[in-house]
Amino acid sequence: MPKDGGIGASSKRREDVRFLTGTGNYTDDINLRGQAYVHFLRSDVAHGRLEKVDTTDAEGMPGVIRVFTGADFEGVGGIPCGWQVTDRFGEVMQEPAHPVLAQGKVRHVGDPIAAVVAETREQARDAAEAIVLDIEELPAVVDMKAALEDGATKVHDDLTSNLCYDWGFVEENKAAVDEAFGKAAHVTSLELVNNRLIANPMEPRVAVGDYNRASDESTLYTTSQNPHVIRLLMGAFVLGIPEHKLRVVAPDVGGGFGSKIYHYAEEAFCTFAARALNRPVKWTSTRSEAFMSDAHGRDHVTKIELALDADNNFTALRTDTHANMGAYLSTFAPCVPTWLHGTLMAGNYKTPLIYVNVKAVFTNTVPVDAYRGAGRPEATYQLERVIDKAARELGVDPIALRRQNFITEFPYATPVAVEYDTGDYHATMDKLEEIADIKGFAARRTESEKRGKLRGLGVNCYIEACGIAPSNLVGQLGARAGLYESATVRVNATGGLTVMTGSHSHGQGHETTFAQVIAEMIGIDADQVDIVHGDTARVPMGMGTYGSRSLAVGGSAMVRATEKIINKARKIAAHLMEASEGDIELKDGQFTVAGTDKSVAWGDVTLAAYVPHNYPLEDIEPGLEETAFYDPANFTYPAGAYACEVEVDPETGRVTIERFAAADDFGNVVNPMIVEGQVHGGLAQGIGQALLEGCAYDENGQLLTGSYMDYAMPRADDVPFYHVDHSCQTPCTHNPLGVKGCGEAGAIGSPPAVVNAVVDALRTGGSNITHIDMPLSPSRVWQAMQG
Amino acid sequence: MPEVSMTVNGKPAKGQIEGRTLLVEFIRDNLGLTGTHVGCDTSQCGACVVHVDGRAVKACTIFAAEAEGAEVKTIEGMAEPDGTMHPIQAAFQDHHGLQCGFCTPGMVMSAAALLAENPTPTEAEIRDYLEGNICRCTGYHNIVKAIMAASGQDVSRVAAE
């Protein structure tokens with residue numbers, strides 16, 4: 001079998017040809033006959049009472065078909081939340097209603113108030129300007145701590161306060177943790193902000209609703225990472241359409257990074273309006289709308305404390321975090337600062353006692369949900385920053401302090417409820433020291449100093465939990481969904497395969513890598529395998545792509561289904577060769593009888609399955625199609641070590657990334673080229689968070705970073721070539737491919753490396769600075785240097 | 001409504017437009033050439049870059065009417081008629097210079113314009129030239145590498161600096 005078709009080969013991506021020639025099929029490329037266009041009129045105030053929404057003039061504007069307001073959705077469900085967190089007192093979180101169009105109040109800039117459907121996009125936009133609004137502006141709640149003060153304005157009048165939940169983890173350990181701090185030889189504490197980010201996939205969101213009156217079926221084309229989840233949430237909880245009357249299609253999707261997981265109001269609106277008007281309704285987000293309607297990410301304010309004994313062993317860790325939920329609960333928002341954050345606070349270290357407190361807060365800002373890494377970057381950042389600070393306070397080498405406290409025996413049960421199955425943190429640190437040329441740093445620093453620049457080195461580790469997750473476990477933790485994945489493998493009579501996966505590719509290259517896996521299993525050319533995803537009418541079921549779960553969970557489902565195929569094909573082959581099934585071997589697309597020269601080709605067997613003239617009909621059915629659902633036994637735990645070298649210009653405070661090295665352990669790797677590309681992209685997003693990106697609101701809740709002119713996206717000249725390595729491989733022990741997931745690592749591991757490096761550089765320059773909050777813009781760094 | 005006519009990918013193209021119709025809207029909506037993408041509304045992202053009379057232009061920054069009589073080339077016009085990809089397109093595939101593909105048409109058109117004026121750009125020159133093209137997936141590593149490779153430079157040591 002050609003190695004370019006199998007596991008471990010850097011096969012070129014088959015999807016690239018359509019993307020490179022302009023023949024991709026993104027949602028905005030879909031135009032249906034008779035399509036109307038919707039424009040949403042959005043709130044330009046952060047908090048206000050809707051006194052009047054007068055649509056009379058707008059309805060008379062050219063081309064207007066109908067204007068919808070919140071009143072049209074009074075009999076319709078709100079946008080649901082998919083996760084219910086229980087607080088440290090045993091109470092469930094406060095869960096406000098989230099109407100499709102605002103009812104009674106607006107709660108963030110961008111909250112949709114009315115929707116104009118017209119014959120053209122321009123007519124809809126023009127007519128929206130003719131809607132007369134009377135909004136009594138209310139004080140906006142923006143700062144999380146102020147939001148929790150007595151007497152603070154409430155975002156939701158029917159809730160008791162702006163506190164969504166007060167979560168403690170592990171609550172039973174709290175007293176023991178406090179006691180350990182009392183006995184500590186040294187305590188390092190650090191207050192920091194994990195800056196609010198906006199995911200910004202380059203493709204803005206799009207929704208096209210369609211309705212077939214004859215069959216009473218609705219179709220939604222949408223920019224989603226998980227079309228089946230949207231079908232369930234929107235069908236069951238918002239519009240009351242059963243799954244068999246609702247099709248959701250997510251075709252080529254131009255990046256997601258988490259922001260396209262969630263069910264959004266615009267999707268429900270277009271589906272609803274298409275039924276109401278009996279014609280297709282299309283919405284294409286502008287980038288300006290994306291900034292104020294796509295779920296944001298991060299936004300934690302944290303105090304972390306690390307206790308060490310006299311030998312510098314970590315003895316306890318305590319954190320106190322405020323996490324911004326925004327104005328409403330987005331689909332997975334409550335689980336991000338809790339189960340995706342608290343459970344990772346052990347990091348790569350054998351800290352025996354850990355207590356995490358998280359207060360989730362409603363504010364008059366865009367809802368916040370998972371963004372690449374989701375909870376794990378927040379955990380990694382605070383842990384790796386406080387360790388770095390501790391090393392400085394103790395006067396020890398930060399790498400040595402980490403190594404001293406590494407977990408070295410696996411499986412390892414952390415004090416925060418998870419069990420790492422496998423890993424080798426010394427190996428990734430060894431590899432990092434090699435590829436980053438840590439030994440050569442001193443000479444490079446001297447060279448930088450000759451040019452008047454301060455040079456700093458920052459190193460850190462990370463661990464993440466991927467492949468979410470055992471359904472029974474997450475059910476206990478509050479998930480309102482299972483988190484398995486499904487795959488259907490359909491073998492056609494002439495031997496080609498159509499593989500339907502519930503995972504969704506929006507840049508990850510599944511059409512290539514998934515085909516590589518199946519080609520390897522059967523021993524055929526990958527060109528004979530087609531991967532189908534993103535359409536609930538073609539793929540039986542799916543939970544979608546997020547949390548680096550596609551190969552670990554979706555790929556495992558596909559492997560299980562393919563194993564069923566091979567088992568059945570072996571029976572057919574045994575019949576054809578009049579041999580015992582136990583003697584049949586499959587290699588390079590040929591079934592052979594062990595110890596003989598008898599063989600039949602893959603294509604002969606598949607043809608027999610569909611033309612069963614000579615076939616064991618008494619034992620097995622004709623046909624060759626199998627489905628498998630795979631529910632993982634545990635999370636997977638990719639881990640690694642990263643190093644960043646920066647130069648700081650002492651005159652301006654400008655930071656440049658001079659070198660970046662990443663040594664990752666992803667377990668087994670199917671396509672090294674794609675894995676490296678995933679890490680590159682994650683690194684740029686992490687560097688972006690550390691140096692450039694920060695979503696800003698003013699005290700009135702006005703979004704100050706509402707376009708690419710104000711929100712600093714990383715550009716080509718902000719980043720270097722990266723040195724990435726994934727040769728340290730401790731395969732996952734509980735999934736059939738031994739894979740761990742690589743999609744988020746770069747974004748999780750890189751921010752602390754950058755900040756550690758800048759602090760290192762400034763201290764070299766004589767500053768006694770211990771911390772600067774991200775993004776480390778020239779003005780922040782310069783001010784810190786003056787201070 | 002006024003009519004506009006131009007040459008797009010070597011073929012005559014015309015259509016009825018509003019005065020406010022942008023070139024990118026004309027290309028996508030009137031001509032159905034959906035390879036040119038719209039990623040922002042402030043002329044920052046570069047997903048809509050096309051060539052107008054040989055120059056790289058963000059098709060969201062000019063009105064369709066301004067391209068009256070112009071020679072326009074879009075991503076659909078880059079490959080040979082038999083489907084053979086342009087060397088820049090091939091280099092992007094060979095070096096994994098794209099992931100979700102949304103910024104890719106603009107990246108390829110910008111890269112083509114760069115190489116037309118600077119046949120062997122340095123890494124720094126490429127990064128500087130791409131200032132107006134945002135990619136969120138690749139971290140730019142493989143885009144820069146692909147453009148260097150398309151210009152005939154040896155990139156075998158890029159990742160092992």
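Predicted model: local features only at pLDDT ≥ 70, side-chain atom pairs only at ≥ 80, totals over all residues.
Biologist: Which residues lie nearest the centre of the second largest cavity, and how many residues line it?

Modeller: H98(A), Y264(A), A265(A), S293(A) and P367(A) lie nearest the centre, in a lining of 21 residues. Rolling a probe the size of a water molecule over the atoms shows where empty space is left. The second largest cavity holds about 200 Å³ of space. In chain A, helices α7 (265-277) and α8 (287-293) each supply at least two residues of its lining. By class, that lining has 11 nonpolar, 6 polar and 4 charged residues.

Biologist: How many cavities of 30 Å³ or more does the structure hold?

Modeller: There are 10 cavities of 30 Å³ or more in the structure.

Biologist: I turn now to the pockets. What is the volume of the largest pocket, and which residues lie nearest its centre?

Modeller: Its volume is about 600 Å³. The largest pocket has 28 lining residues, and nearest its centre lie R121(A), R125(A), T286(A), E25(B) and V38(B). From chain A, β1 (36-42), α3 (121-128), β13 (281-284) and α8 each give at least two residues to the lining, as does α1 (23-30) of chain B. The lining of the largest pocket divides into 10 nonpolar, 7 polar and 11 charged residues.

Biologist: Which residues lie nearest the centre of the second largest pocket?

Modeller: They are V193(A), R196(A), D299(A), V301(A) and C695(A), out of 21 residues that line this pocket. Two or more lining residues come from each of α4 (144-147), β8 (186-194) and β16 (314-326) of chain A. The second largest pocket contains about 460 Å³ of space, and its lining has 9 nonpolar, 6 polar and 6 charged residues.

Biologist: How are α3 and α5 of chain B arranged, oblique or parallel?

Modeller: Helix α3 (residues 104-117) and helix α5 (residues 141-150) of chain B pack at about 40°, with axes 11 Å apart; α3(B) and α5(B) are therefore oblique to each other. This crossing, too, is right-handed.

Biologist: Finally, the backbone. Which peptide bonds are cis, and where is phi positive?

Modeller: Most residues other than glycine have a negative phi, and most peptide bonds are trans. Here the bond from I468(A) to A469(A) is cis, with omega near -10°; A469(A) is in the loop between β20 (454-463) and α13 (471-477) of chain A. Another cis bond joins M774(A) and P775(A), with omega about -5°, and P775(A) is placed in the loop between α18 and α19 (778-786) of chain A. N312(A), a residue other than glycine, has a positive phi near 70° and lies in the loop between β15 (300-308) and β16 of chain A.

Terms used:
Residues numbered from 1 in each chain as written. Chains lettered and ligands numbered in written order. Heavy atoms only, no water. Axes fitted to C-alpha atoms, helices over the stretch in contact; angles between N-to-C directions. Helix = DSSP H or I, 4+ residues; strand = E, 2+ residues; numbered from the N terminus. Parallel < 35°, antiparallel > 145°, perpendicular 65-115°, else oblique. Left-handed = near helix turned anticlockwise from the far one by under 90°. 1 Å grid on protein atoms, 1.4 Å probe; cavity = no way out; pocket = protein on both sides within 12 Å on 5 of 7 lines; lining within 4 Å. Points joined across faces, edges and corners; volume = space filled by probe spheres on them. Nonpolar A, V, L, I, M, F, W, Y, C, P; charged D, E, K, R; others polar.
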